[in-house]
Amino acid sequence: MSDKFDVIVIGAGPGGYVAAIRAAQLGLKTACIEKYVDKDGKQALGGTCLNVGCIPSKALLDSSWKYHEAHEGFELHGISAQSVSIDVPKMVERKNKIVKQFTGGVATLFKANGVTTIEGHGKLLANKQVEVTGPDGNVTTYQAENVILASGSRPIEIPPAPLTDDVIVDSTGALDFTSVPKRLGVIGAGVIGLELGSVWRRLGAEVVVFEALDKFLALADDIIAKEALKTFTKQGLNIRLGARVTGTEVNGKEVTVSFTDAEGEQQLTFDKLIVAVGRRPYTENLLASDCGVDLDERGVIFVDDYCATSVPGVYAVGDAVRGPMLAHKSSEEGVMVAERIAGHKTAMNYDLVPSVIYTHPEIAWVGKTEQQAKAEDIEVNVGIFPFAANGRAVAANETTGMVKVVADAKTDRVLGVHVLGPSAAELVQQGAIAMEFGTSAEDIGMMVFSHPTVSEALKEAALAVNGHAIHVANRKKR
């Protein structure tokens, strides 16, 4: 194997493997370095997302929702389901099979596109050389015309709750419980905490979620966040806002959590505790001191709008750089960089990166919230349409939540779409497509939407922006 490549990618997560495939498609001789190994000790491509993140968590979310529906939702439809039970090991086994399917799929795509896979830890040296330390400890150095750093991120650990065997775990450990904990604590009411808390709550666990902030889902639109909090509380998630964990004590198979909130110092005891307070860039031992690439104090790699570092020919994408730590954002950055290396003038619209929380109901948004727009002194019109007024949602017994459209009051241009409810991620993506082409609320309102579909809620919310909604009373008329 030649030790010189047009492009070397360090990391085979959603940013790295996509960048490698696109670079190879563009005729560049490409290699991708990955050190992650699965439980069998074999190299596993796909990064956190495919191995211990997006894909396995969604598998558990779907399995747990089906159990919940069978246990509590079938009777409404006239279906009698007796003695419904959950086989947790079998549920986890299914999750593992899905993971293997997708990680193996990346390997197949690499082979089909001519990407060279290198196993080991990659490190950028000076002059775009890349040092790889293999599983056996042997070190090989490769030369590249271009290097793409896609090292990803890992869960943040906090001093008050150090990981302890299988009692205090991070998001990875929470995917492999072999039974349903009777009492489950979750530190962090963000995306990961809410999703994992939902999985085990549906299966019967008593779940307490500790959130240090006083505001729930601070990044979401206010009305969406408030309605979501009410919904999750009704589902049985005990979400404690303004609750700061100060310490933990493990006693055998249980853990006592000390925390402070508005009522003062308190303690609660759990069978399992999940630490889900966020992630940080995984850039340790990624860069030689003389490679020229700069990091900030948090380990984030400095890049420009096109993901170029301070070193010509060296780029960085995904969780290791600024912006939201989202798989789809990472992938699009990988495509952009590969195409720019090939001489294309590709750019990425960072204003329209959708965010999704895969609870039930889902929460999703793209663009500006009403609060952000007002903070920027943009006068807005807002349209809201509840799923309780949508025929398809009612037929499916999915009436919780709403669609909210935020539009510029002067131009009618849609600035944001926010959804709590069924198919929220898909509806927001419809909004993102329209927004990419500079849509107005009137444009969406004039489109023909299939009936009956939950998508009609987006059309009605767009109509409501200007007081033209048909199936709900308008706040104003024009």
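Helices (H or I, at least four residues) and strands (E, at least two) are taken as DSSP runs and numbered from the N terminus. The structure is a predicted model, in which local features need pLDDT of at least 70, side-chain atom pairs count only at pLDDT 80 or more, and totals for chains, interfaces and linings use all residues. Residues are numbered from 1 along each chain as its sequence is written, and side-chain values use heavy atoms, with hydrogens and water left out.

Helix H10 comprises residues 424–436 and is followed by Gly438, whose phi is positive, near 70 degrees. The expected span of a helix is defined as 1.5 Å times one less than its number of residues. For the 13 residues of H10 this should give 18 Å, and the end C-alpha atoms are 18 Å apart, which agrees. Burial is assigned from relative accessible area (buried under 20%, exposed over 50%, partly exposed in between; 1.4 Å probe, protein chains only). The buried residues of H10 include Ala424, Ala425, Leu427 and Val428, together with Gly431, Ala432, Ala434 and Met435. Contact denotes heavy atoms within 4.5 Å. The cover over the buried residues of H10 includes strands E18 (355–357), E19 (362–367), E21 (402–408) and E22 (414–421), as well as helices H11 (441–446) and H12 (456–465).

Helix H5 (residues 191–202) has 12 residues and reaches 17 Å from its first C-alpha to its last, close to the 16 Å expected at 1.5 Å a residue. H5 is mostly covered, with 9 of its 12 residues buried. Those buried in H5 are Gly193, Leu194, Glu195, Leu196, Gly197, Ser198, Val199, Trp200 and Arg202. Just after H5, Gly204 adopts a positive phi of about 120 degrees. Glu195 is also touched by Ser57, which contacts Leu175 as well, when residues up to four places away in sequence are not counted. Ser57 belongs to helix H3 (residues 54–73) and is buried, with a relative accessible area of 8%.

Helix H1 (residues 14–25) packs against two helices described here, H4 and H7. Axes are lines fitted to C-alpha atoms, for helices over the stretch in contact, and angles run from 0 to 180 degrees between N-to-C directions. Angles under 35 degrees count as roughly parallel, over 145 as roughly antiparallel, 65 to 115 as roughly perpendicular and the rest as oblique. H1 and H4 (residues 88–113) meet at an angle of about 20 degrees, with axes 9 Å apart, and are therefore roughly parallel to each other. A crossing is left-handed if the near helix is turned anticlockwise from the far one by less than a right angle, and right-handed if clockwise. H1 passes H4 in a left-handed crossing. Tyr17, Ala20, Ile21, Ala24 and Gln25 of H1 contribute to this contact, with Val106, Leu109, Phe110 and Asn113 from H4. By class (Ala, Val, Leu, Ile, Met, Phe, Trp, Tyr, Cys and Pro nonpolar; Asp, Glu, Lys and Arg charged; the others, Gly among them, polar), the contact of H1 with H4 has 7 nonpolar, 2 polar and no charged residues.

The angle between H1 and H7 (residues 327–341) is about 30 degrees, with their axes 7 Å apart, which makes H1 roughly parallel to H7. The crossing of H1 and H7 is right-handed. On the H1 side the contact involves Pro14, Gly15, Val18, Ala19, Arg22 and Ala23, and on the H7 side Ala327, Ser330, Ser331, Gly334, Val335, Ala338 and Glu339. The residues of the contact between H1 and H7 divide into 7 nonpolar, 4 polar and 2 charged.

Several loop residues were also characterised. Ala347, in the loop between H7 and E18, counts as exposed at 54% relative accessibility. Ala347 touches Tyr306 and Met336, residues up to four places away in sequence not being counted. Asp296 lies in the loop between strands E16 (279–281) and E17 (314–316) and is buried, with a relative accessible area of 16%.

Two residues other than glycine have a positive phi: Asp377, at about 60 degrees, and Asp412, near 70 degrees. Cis peptide bonds join His360 to Pro361, with omega about 5 degrees, and His451 to Pro452, with omega about 0 degrees. Pro361 lies in the loop between E18 and E19, and Pro452 in that between H11 and H12.
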